[in-house]
Structures are given as structure tokens and as C-alpha cells.
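Student: I am new to this structure. Could we go through some of the terms used for it?

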Amino acid sequence: MKKFMSILLVIIMCLSYHFILVVHASTLDTKSDSAVMQAGKSTQAQTDKPDNEAGAGAKDEADNKDDAASGVSMSEVSLCIDNKNVYEGMQQAYANGYQPVCANGNVTLVLPLISDGKLQQDKITASVDLGATDSSPFVFRSYEKEFNCKPEYINGTGETKDIFLVSFELTLSEKRVNGIYPVIINVTGKDENGIEVQKSFTNFVTVADGIDPNAAASGAADTTQAEETPTSAPVVLVDKSVINTDTVKAGEDFEVTVTLKNTSRQKSVQNLVATVNVPSADIELKNDSNTIFIGKIGTQKTTELTLKFHASKSTADGNYPIEIAMSYDDPKASTLSSTGSFVVTVEQPLDVKLTMPNIDKNVTAGDTIPLTFQVMNLGRSTVYNVRCDVTGDGLSQTKTAFIGNMESGTAGEGETNLFITTLEGKSQYGDTTGTVTLTYEDGFGNEQTQEFSFNTTINKMPDEASTGDEKKEKSASQWWISLAVIGGLIVLAGAVSGAYYMGRKK
């Protein structure tokens, strides 16, 4: 009996020790599960934490997955929102509480994204998730576009920043109910290794011009919508034009730099096509095409067109308008158009020839020499007020030799008298140089001149005293001749009388 009790006591003690071990193991398992649950909550809290870079109106919806568990390679490149700057279509930065603009039955949603690494072709694809169809205020359609990383204007200045400027125009339903609605933008791309980059961003759209939700809930829907604020369409104008030469001559090439300006302060234009139209057949556009494509012109920004032309030799003097027709889209993809023009003034090169008259190499002071100038117009346009003037030391023109207007291919003459005087200075006689100035005007009143020179020698006039002596000598010789004639007549008369007397005497 005593032996039996000893064996029973040993069995009871073993069972008790086993029970204590089981309870202790259970306690350890409970603590382990509690720790795992706390770690899970911490991980979930980190996963659900909003993306601070998204600003007040958006948060990161990307799920953080365990790479090792999933076995999928994840890219090291990530995308985030630029929450500091204001871009086109935005009224304020994300850091300051950006809200999508809701007006005229549309919502403009802008998402400026920055990549911390290189993406293939600098391109991403963005699509819009509008939520459930039964409660959404939007018109459902396919919203998916590709966006490139490129310079965009920031904060309404001329400064730019390279960014993916994701922008969507969402159409609102006519039966929309006022409220705040989440819009998710899903963005995908690939890094340089071909690994896909994915991220989702949520914006909240406030609809305030639709049906009152209280009235809709009571069955008496208020169909009156708030009055839409009209906004003006952007207009593109020809701001200025600059020609690379002072004068466009017929038969020559020339280049014009045309500046186009978007006059709108609120809206940019995109996909602009400028068509150049030259009404005159005498002016030829030398560009490869008469249409030029411009991707985008920001608000109150300008862009330049370089146009090359050739004016034919037969182009008459005058002003030639050149037209530019422009077709472009506003931010809502509505097609708009405008026209502008600039004027090119073309001048025919003048070709006027003068035939100089013959002027003796030696002239005498006091002489008056008649001159005739012959002028020919060999150009293609009329020349006006053609005239010749003579100047020079010791040379005095009595009047201007005026020819007048000359049509193309005609000739004309102008006459004047040149009076020879003495030279200025100590030497009053000797060599002098004369200048003939041919003057004429083109059709625009611009005066042109040509100069021709000639040389001559001014000689002294004959001495008046010497001339008087010669006259006296001539008078004296004439007196003696007269005296001799008279004497001869007397002798002849005496001879006749003597002969008569002798005859009577006989």
C-alpha cells in the first residue's frame, strides 16, 4: 500500500509539472500575438498616413507592399506633387490649399508632379477614377492622357521648372448634386530599367452650382443652378514685325521676324497653326511650307516666326500686305481663330543715266556757254523732278536745267547757261573743276543724286587799252588812205583840165 501511494504521488507531481509548462507556453503565445498586433497597427498607421507632399487637397493612395512577400521588383523612382509653386490653371499652390476650379459646367484639375529619377522618354500616363456612377457629379468618359516632363511657367512669371503638368478638364453632369467628391488620378510610367512606376493621388472637388442635396433628398430637386461666370476667349494677335533690311528692293531676298502674342491674362493657347498668305504674285514665300505649328503660348506670352521672302524684279513700287491666319485651342480644347497682317514696302531700284555736254577745255572770263543735259530713265519705275545743277569756282549757272518727271524707258533734256567768272583768291585765272549734280526722286519722295565732274581753264579777257590803240591805228591808216584818194582826184582833175585847155588852143 505504501508503495502504491508513492507511485501515485509521483504521477500526480508529473502531471502538475506538465500543466505548469502548458500554462507558461500559453502565456508566452499570448504576449507574442499582442506584440505582433501592435507591430501590425504601427505598420498600418504608417501606410494610412497622408502624403504631406500632396498638400491640403490630395493624398497618396499608393499601397506599400512587401517586396519580398510579393516577389515583384519595385522601382526606386517615385513621383510626388510640387506643392510650392502655382502653375497654369491653378489659383494657389497645394501647400496653400489648392482646390480644383469648378466653373461653366467643367472642373479643371491640375496635378504638378516631380520625379526623383529618370523615366523612359520623360513620359507618364495618367487616368482619372471618378468613383461610383450613381452618385458622381461627373459625366463619365475615358479620361486618360500622356504627359511629358517639360519646362512650365511658375507663379505667373517668366521663370520655368521642368515638371509633369497633369491637367484634366472634367465635364459636370447637368443633374449634379452639390457636395465634395473625391477624384483619384492614377499615374504610371517606367524607369530606365523598364520597371513600372505607379502612384495614385486623390483630389477633392467641391460642387456648389448644382442641386441642393436637401431638396434632392426630399424629392423636390432644385434645378436652378448658380449663374455661370463668363470668361473671355484668348486672342492671339500679330504684335510686331521686323524686316532685316532698311529697304526691300525688287529682285532681292528679305527676311521678316513676326511676333505673335497671346493677349489673355487667364488662358493659354495650344496647338496653334499659323498660315501665311501672300496676296501678291510678285512676292514669294521661301519657307518650306506656308503653315507653321506652335505647341503652346502661355498667358500674355509671345513667340516669333521667321519668314523668308523674295520680291521679283517686276515688283512695282508700293506697300504689300501679308496676312497670317491663326487657328488654336483654348485650355478646354475649344478651337478658336484670329487673323493678323503686316506690310512690306518694296522699291524698284532706280537706274538713271546722264549724258554730259561738251565743255571746252579753255574758256574766257565773261563768256556765257549754253549747256544741254540729256537724261535717260533705264529703270522700271517713274522718276520725279529730274534736274541738273552746275557748281564750281568761277562757274555760275543762270538757272537749273529742269527735265521733270520721266516714265520708265524714256529720255529727256534740260537746258541752262553757264556764265564764266574769275576764280576766287589771288589767282583770278587758271584751272578749275566743275561739278554737275543730277537729282531725282522715287515714288516715295526719297531723293537721290549723282555727281559728274569736268575740268576747264579760265583765261583772261582781252585788254581794253590794246583794243583802243588798235582802233586809233586803224583810224589813222584810214585817214591817210582818204588823203591819198583826195590827192589823186585833184591830180586827175588837173590833168583833165590841162588836156581840155591844150585842145582848145590847137
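Tutor: The turns below set values against definitions. This is a predicted model, where local features need pLDDT of at least 70, side-chain atom pairs count only at pLDDT 80 or more, and totals for chains, interfaces and linings use all residues. Residues are numbered from 1 along each chain as its sequence is written, and side-chain values use heavy atoms, with hydrogens and water left out.

Student: Why is Ser338 called buried?

Tutor: Buried means under 20% relative accessible area, exposed over 50%, and partly exposed in between (1.4 Å probe, protein chains only). Ser338 has a relative accessible area of 12%, so Ser338 is buried.

Student: Which residues does Ser338 touch?

Tutor: Contact means heavy atoms within 4.5 Å. Leaving out residues up to four places away in sequence, Ser338 touches Val236, Ile324, Ala325, Met326 and Tyr328.

Student: How do you know that strands E8 and E9 pair?

Tutor: Strands (E, at least two residues) are DSSP runs, numbered from the N terminus. Two strands pair if DSSP finds at least two bridges between them. E8 (residues 179–190) and E9 (residues 196–207) are joined by 12 bridges and run antiparallel. Ile184 stands opposite Thr202 in E9, and in the hairpin, with five residues between the strands, Gly194 takes a positive phi near 80°.

Notes
Helices (H or I, at least four residues) and strands (E, at least two) are DSSP runs, numbered from the N terminus.
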